Amino acid sequence: MIGNRFINDGKEMIYLNDMQKDARDEFLEEYNKGELYHIEKYKCECGSDVADFDILAEKDRYGFPVHTVICRNCGLVMTNERMTQESYDYFYNHIFGRLYRNVAVEENVEKVFRGEIERGEEIFKFVKKNIDHAVERVLEIGCAAGGNLAWFANVGCEVVGIDLDDKYLSFGREKGLDLRQGHSSKLIEEGKKFDLIILNHVFEHFLDLEKELKVIQELLSDRGSVYIAVPGIKDLANGAYGYNLGAYLQNAHIRHFSLGTLNNIMEKYGFHLYCGNETIVSLFHYTGKRKKEFKNYYVDIMRILFYVENHYLNLQK
C-alpha cells in the first residue's frame, strides 16, 4: 500500500457537504446489505491476474471500500474488485449525481449545463487544432445534460448524446438537443456514423473496454476520431488534485490511466494515438491494426505515486 492513510477505515479523504454525506451513507447502507450492489474480479487488459497486482489503497476518497491495485506487468492502475455493470447502472441512476456532481434530483441542473458549455468550447478548440478535416456529426457518450454538445450544435454540427442518467438528459432535451438514455450500443441499429465521438471523463468508467471500443468502432465514420479525456494519474505530480492521491481515487473510476497505459489499451483494439498529453486529453483514430505487446510502465507509475504521496504529506506539515 502507498501509506497508512489508505487503509479501509470508512473515513472520507475529501470534504463532503451534507447532501454528499447523505448520498454516501445511502450507498453504504445498500452496499453492505449485498442485495443491490455486487462485486466481481477481472483480469488486467494485458492478461495479468490477481497474483500480478500490488495493492495501492483499500478505500477511495469517499471512504468506500475500494481496492485500487497496479499491474506489475504493464503498470495499469485499476479498481479490482469492482462492482458489476448492473450495480454501476443503479449507482449512476440513484447516487452519482448527488455524490459526484453535487446536484440533487430536485435541483435545477443549469449550473452543470453552463459548466459543460465551457468545457465544450475547450474540446472544440482542441479538435479544430488537431483535425484537418470538417467535423459534421458529433456523438458524446456520457453526455450528462449535453452542454458539451451545445457548443458543437451552435457551430453547425449535427449532435447526438447518450447517457444513463435521464434526469440530466431531460434538461438538455428542453434546450433542443438530441439526447438519448441508455448504452451507446443502442445507436448502432440507426446506421449513423460520426466524425467525432467524445468521451469526456467517461472512458475511466467503462467496465468492458473491448465491448465499448467495438461499439465506438462501429459508430465512427471512415475519417472519424475519438476524443478521450480522463484524469491522468501522472498529472498528480503536476499538482492535480492538490497532489492528493486520496482525492483522486474514486469508486466510479475503474481504471486510472497515464497516456502510456491508455495507449497500450487503445492499440490492443486497433486505435492509433494521434495526439495527447498526461492531463489526459487525447485524440485517437481507428486503423484496425492491433498491437498485442504492452509496454510496461510499472516502475514509472510507482515512482510518481510515491513522489506524490511524500509531497502531499510534506504539504500537510
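How does the lining of the largest pocket divide by class into nonpolar, polar and charged residues? The points below take up that pocket, then the rest of this predicted model.

1. **Largest pocket, make-up.** The lining of the largest pocket has 15 nonpolar, 13 polar and 10 charged residues. The space in this pocket comes to about 1100 Å³. Its lining counts 38 residues, and those closest to the centre are Phe96, Arg101, Gly142, Asn200 and His201.

2. **Largest pocket, elements.** Helix H2 (85–99), helix H3 (110–130), strand E6 (137–141) and strand E7 (158–163) are the elements that each give two or more residues to the lining of the largest pocket. H3 gives the most, with 5 residues.

3. **Second largest pocket, make-up.** This pocket holds about 310 Å³ of space. It is lined by 21 residues; Val66, His67, Asn80, Glu81 and Arg82 lie nearest its centre. By class, the lining of the second largest pocket splits into 13 nonpolar, 4 polar and 4 charged residues.

4. **Second largest pocket, elements.** Two or more lining residues of the second largest pocket come from each of helix H1 (18–33), strand E2 (53–59), strand E3 (65–71) and strand E5 (82–83). E3 gives the most, with 4 residues.

5. **Helix H8.** Why is H8 (residues 259–268) largely enclosed by the rest of the structure? Because 8 of its 10 residues are buried. The buried residues of H8 are Leu259, Gly260, Thr261, Leu262, Asn263, Asn264, Ile265 and Met266.

6. **Packing around H8.** Which elements do the buried residues of H8 pack against? They pack against helix H6 (209–219), strand E10 (220–229), strand E11 (255–256), strand E12 (271–276) and strand E13 (281–286). Just after H8, Gly270 has a positive phi of about 90°.

7. The model has 0 disulfides. Cys71 is in none; the nearest cysteine sulfur belongs to Cys46, 3.6 Å away. A disulfide here needs two cysteine sulfur atoms within 2.5 Å. Cys71 is buried, at a relative accessible area of 0%.

8. **Cysteines, Cys143.** How far is the sulfur of Cys143 from the closest cysteine sulfur? The distance is 15 Å, to Cys157, so the two are too far apart for a bond. Cys143 also counts as buried, at 2% relative accessibility.

Technical notes:
Residues numbered from 1 in each chain as written. Predicted model: local features only at pLDDT ≥ 70, side-chain atom pairs only at ≥ 80, totals over all residues. Heavy atoms only, no water. Buried < 20%, exposed > 50% of the residue type's maximum accessible area, 1.4 Å probe, protein only. Contact = heavy atoms within 4.5 Å. 1 Å grid on protein atoms, 1.4 Å probe; cavity = no way out; pocket = protein on both sides within 12 Å on 5 of 7 lines; lining within 4 Å. Points joined across faces, edges and corners; volume = space filled by probe spheres on them. Nonpolar A, V, L, I, M, F, W, Y, C, P; charged D, E, K, R; others polar.
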